[in-house]
Amino acid sequence: MVLYVLYSFTGIDHVLLAAPKGSENEARHFYNGILGMEEIPKPENLAKRGGVWFKCGVHQLHIGIQENFIPAKKAHPAFHVENLEALRDRLIDNEIKVKVDEPLKGAKRFYVDDPFGNRLEFLQWI
């Protein structure tokens with residue numbers, strides 16, 4: 001079967017992770033203060049919902065406020081990092097637990113939980 005479409009996917013614009021109500025400052029501390037992602041302003045009409053947005057390379061990471069929040073323990077974004085070891089050292093220096101998983105051929109990687117318990121993967125292709 002051949003499928004003809006009039007559109008094409010060009011990439012991912014953003015990833016959204018949920019967080020509990022009132023956690024914006026904690027998100028800023030972790031994602032900007034520790035990881036170094038630049039905070040970007042939310043559009044005025046969306047700002048009233050709470051949450052905070054960050055720049056991640058050419059993409060965006062949105063932290064959205066969720067009622068009855070439950071962290072994503074399995075589903076996760078994977079962030080491509082240059083100089084993964086420096087990031088690992090920074091996380092450890094900030095007392096953030098780094099978790100190692102099964103090897104992935106051609107990559108170095110590890111996982112951490114954000115302050116809200118969401119799983120994050122960081123990897124560098126070698």
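Trainee: Of the 126 residues of the protein chain, what percentage count as buried?

Mentor: The general idea is a threshold on relative accessible area, where buried means under 20%, exposed means over 50%, and partly exposed lies in between, with a 1.4 Å probe and protein chains only. In this case 37% of the 126 residues count as buried. Keep in mind that this is a predicted model, in which local features need pLDDT of at least 70 and side-chain atom pairs count only at pLDDT 80 or more, while totals for chains, interfaces and linings use all residues. Residues are numbered from 1 along each chain as its sequence is written, and side-chain values use heavy atoms, with hydrogens and water left out.

Trainee: How many helices and strands does the protein chain have?

Mentor: Helices (H or I, at least four residues) and strands (E, at least two residues) are DSSP runs, numbered from the N terminus. Here they come to 3 helices and 7 strands, in the order β-α-β-α-β-β-β-α-β-β from the N terminus on. Along the principal axes, the C-alpha atoms fill a box of roughly 50 × 40 × 25 Å.

Trainee: Which residues of helix H1 are buried, and what covers them?

Mentor: In H1, which spans residues 24–34, the buried residues are Glu-24, Ala-27, Phe-30, Tyr-31 and Ile-34. To read cover we use contact, meaning heavy atoms within 4.5 Å, and the cover of these residues includes strands E1 (14–19), E3, E4, E6 (107–113) and E7 together with helix H3 (84–93). Just after H1, Gly-36 takes a positive phi of about 90°.

Trainee: How should I read the pairing of strands, and which strand does E6 join over 7 bridges?

Mentor: Two strands pair if DSSP finds at least two bridges between them. E6 is joined to E7 by 7 bridges, and the two run antiparallel, with Phe-110 having Phe-122 in E7 as its bridge partner. Their hairpin has 5 residues between the strands, and in it Gly-117 takes a positive phi near 95°. As for cover, 5 of the 7 residues of E6 are buried.

Trainee: Which backbone nitrogens does the side chain of Gln-124 reach?

Mentor: A polar contact is a pair of N or O atoms within 3.5 Å; within protein, one must be able to donate a hydrogen and the other to accept it, and residues adjacent in sequence count only if both atoms are side-chain atoms. The side chain of Gln-124 reaches the backbone nitrogen of Asn-83 at 3.4 Å, and one of its polar atoms lies 2.9 Å from the backbone nitrogen of Leu-84.
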